[in-house]
Amino acid sequence: MWRYRQIRVSNINPLEREKIEIRYLREGGILYGLLGMALVTLSIYMYIVNEPQRYNQSIVLLIALIGFTKIVTSIVGWIKARHFRSPIITYLKSLNLADGLVAIVMTQYALLSYENSPSASSSTGLFGAAIGIFLIIVGLVITLRAHIKSISR
């Protein structure tokens with residue numbers, strides 16, 4: 001948001017502003033992919049170790065509340081931000097969506113652990129790895145689209 005605000009208040013022409021925003025979007029796509037790789041790594045570790053944590057009901061309900069709140073607010077934010085034509089805002093909203101997806105993975109883990117499921121770690125590890133691979137692909141798509149836009153300008 002700091003970079004977005006800095007670009008918006010500057011006195012540069014719209015074409016130059018868009019070039020700068022596309023550069024930030026490309027960097028953001030790379031960071032998005034790194035976030036996905038970190039999630040895949042942690043999920044594989046969770047799958048291999050396969051030792052679920054034990055949570056009490058209050059903690060599980062709090063984790064579920066936070067997870068579902070994050071995913072709902074990220075979807076609402078994504079819908080509201082579609083009117084903005086800024087690549088930086090688009091990236092920030094997609095990052096919120098990634099945060100919501102990670103929260104859903106953790107909610108699944110907490111719920112399965114609370115229910116004493118023997119496969120809580122392995123199934124959550126696989127689900128988290130799938131979400132992480134999805135984030136990596138989205139990061140690559142963001143980076144490639146930004147790169148193609150910067151070349152065509």
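Me: What percentage of the 153 residues of the protein count as buried?

Reply: Of the 153 residues, 35% count as buried, where buried means under 20% relative accessible area, exposed over 50% and partly exposed in between, with a 1.4 Å probe and protein chains only. Please note that this is a predicted model, in which local features need pLDDT of at least 70, side-chain atom pairs count only at pLDDT 80 or more, and totals for chains, interfaces and linings use all residues. Residues are numbered from 1 along each chain as its sequence is written, and side-chain values use heavy atoms, with hydrogens and water left out.

Me: How many helices and strands does the protein have?

Reply: The protein has five helices and zero strands, and its pattern along the sequence reads α-α-α-α-α. Helices (H or I, at least four residues) and strands (E, at least two) are DSSP runs, numbered from the N terminus.

Me: And what box do the C-alpha atoms fill?

Reply: Taken along the principal axes, the box is roughly 60 × 30 × 20 Å. Contact means heavy atoms within 4.5 Å. Among contacts between residues at least 6 apart in sequence, 78% join residues at least 24 apart.

Me: Let us turn to helix pairs. At what angle do H2 and H4 cross?

Reply: Helix H2 (residues 14–49) and helix H4 (residues 87–114) cross at roughly 10 degrees, and their axes come within 9 Å. That makes H2 roughly parallel to H4. Axes are lines fitted to C-alpha atoms, for helices over the stretch in contact, and angles run from 0 to 180 degrees between N-to-C directions. Angles under 35 degrees count as roughly parallel, over 145 as roughly antiparallel, 65 to 115 as roughly perpendicular and the rest as oblique.

Me: Which residues meet there?

Reply: On the H2 side they include Tyr24, Leu25, Gly28, Gly29 and Met46, and on the H4 side they include Tyr91, Ala98, Val102 and Tyr109. The residues of this contact of H2 with H4 divide into 15 nonpolar, three polar and one charged. Here Ala, Val, Leu, Ile, Met, Phe, Trp, Tyr, Cys and Pro count as nonpolar, Asp, Glu, Lys and Arg as charged, and the others, Gly among them, as polar.

Me: You listed Met46. Is methionine 46 buried or exposed?

Reply: Methionine 46, which lies in helix H2, is buried, with a relative accessible area of 19%. Leaving aside its neighbours within four places in sequence, methionine 46 is in contact with Tyr109, Ser121, Thr124 and Gly125. Methionine 46 and isoleucine 22 are 24 residues apart in sequence and 36 Å apart in space, C-alpha to C-alpha.

Me: How do H2 and H5 lie, parallel or antiparallel?

Reply: They are roughly antiparallel to each other. The axes of H2 and H5 come within 7 Å and cross at roughly 165 degrees. By class, the contact of H2 with H5 has 19 nonpolar, 14 polar and two charged residues.

Me: What about H3 and H4, at what angle do they pack?

Reply: Helix H3 (residues 57–81) and H4 pack at about 155 degrees, with their axes 8 Å apart. That makes H3 roughly antiparallel to H4. Their contact has 17 nonpolar, nine polar and three charged residues.

Me: Which residues of H3 are buried?

Reply: The buried residues of H3 are Val60, Ala64, Gly67, Ile71, Ser74, Gly77 and Ala81. What covers them includes H4. Glutamine 57 also lies in H3, but at 46% relative accessibility it counts as partly exposed.

Me: Last topic: what phi does asparagine 116 take?

Reply: Just after H4, asparagine 116 takes a positive phi of about 55 degrees. Most residues other than glycine have a negative phi. Asparagine 116 is found in the loop between H4 and helix H5 (120–152).
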